[in-house]
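Thanks for asking me to look this over with you. Please have the sequence and the model open side by side; my notes follow as numbered points.

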Amino acid sequence: MKNLKAVRVSEHVYWVGAVDYNCRSFHGYSTPRGVTYNAYLIDGDEPILIDTVKAAFTQEMLARIADVVDPARIRHIISNHAEYDHSGAVAEVARLSGAKVYASAAGIKALTAMYGALDYVPLVSGQAVTLGGYSLTPYATPMVHWPDNIVTLGKIDGKTMLFSNDAFGQHFASSLHFDTQVDLHDVLTEAKKYYANIVMPYAAQAAKAVAAAKSLSADIIAPSHGIIWTKHIHDIFALYEKMTAAEKVDKAVVVYDSMWGHTADAALTVGAQFEAKGCATLYFDLKENDLSDIVTELLDAQYLAVGCPTFYGTILPTVAAFLAYLKALKPAGLQYMLFGSYGWGGGAIKELDAALSAMGYTHIEDMPDSAEVY
Ligand code: FEO
């Protein structure tokens, strides 16, 4: 691959990842701005690679590394997280260079299952390792976003750098890599969507990781997806504190599908009740919208209204998929109400109510469910 350059982060640290400009679905989560897989090279007598890329982008990463150093010279690979988007090139780099592979115990277990035997070295949270003259300290951040996750802290070129892996990431593809070079609002919007769709079920663990990251006073936070934080570290911490605390705004999200248009009509009637309360009210037809956008809005919404016609005594598949996504991502503290329609037999509302109450959500007391017969 020609003309692929490493991007200098500091005198000895380079971004050597890959930009997937055309990715529009990251394991099912819509990514309208594309995706990056960030890997970082610390150059020196014993070059260190921190994380790698999705396997399909291995050659792109190797070309960027070769812009700085022969990839065969890499001596150490730190794998902060074994998921395929970051470990996809670990085995190839390890085999071509003979580098040791450092990871948490859970990371080594996963990497071994995925790639077989490599020269693994276990890392212990809080215990620094000295590699090529650099002292690097791993900190466990379990479930942000897998059990194996660590972040790696180093003082390099006079700056405290936190290689944070999935934490503080965003799906934001750009030829520019720093928060000083791109629109902050756009990046924070993607960081919110990323959190809602990747990290939200583990908010308690994420809150601990944010508190720990704050205490490390990093000058640079280099995540494994998207833009590198330098000037706006305060802003991403502030956003994470709000999100992990599940801070709510006065917002209602009306989600529905419809067969003949009656439930869609009812959505507007239901929404009008929220609008009358002064709530910002959003409407999502499940045939037209991606679940990842809906769950992002539910992160800070107070109210959820779900509408579905009865379909052979049960709910429509689109609504069932929405419930499955909701159950997985677990936006906190929602109050809900239900609506629908049916021609010759009900049942959808009862099923929706059972599902949402089983998820721990509470019914809005002053808004009864409604199922109209058409
Ligand atoms: Fe970006 Fe959990 O992987």
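1. Cysteine 23 counts as buried, at 9% relative accessibility, and cysteine 279 is buried too, with a relative accessible area of 7%. Here buried means under 20% relative accessible area, exposed over 50%, and partly exposed in between (1.4 Å probe, protein chains only). The count of disulfides comes to 0, taking a disulfide as a pair of cysteine sulfur atoms within 2.5 Å.

2. A word on the source: this is a predicted model, in which local features need pLDDT of at least 70 and side-chain atom pairs count only at pLDDT 80 or more, while totals for chains, interfaces and linings use all residues. Residues are numbered from 1 along each chain as its sequence is written, and side-chain values use heavy atoms, with hydrogens and water left out.

3. Now the interior. In soluble globular proteins, nonpolar side chains tend to be buried together.

4. Helices (H or I, at least four residues) and strands (E, at least two) are DSSP runs, numbered from the N terminus. Valine 210 lies in helix 6 (residues 203–215) and is buried, with a relative accessible area of 3%. Leaving out residues up to four places away in sequence, valine 210 touches Phe168, Phe237, Tyr240 and Glu241 (contact means heavy atoms within 4.5 Å).

5. Have a look at helix 7 (residues 233–244) next. Buried residues in helix 7 include Ile233, Phe237 and Tyr240. Seen down the axis, the buried residues fall within an arc of 160°, so they line one face of the helix; the arc uses directions from the helix axis to the C-beta atoms. They pack against helix 5, helix 6 and strand 16.

6. Finally, strand 16 (residues 220–223): Ile220 and Ala222 point one way, Ile221 and Pro223 the other, and all are buried. Strand 16 runs parallel to strand 15 (residues 159–165), joined by 4 bridges; strands pair if DSSP finds at least two bridges between them.
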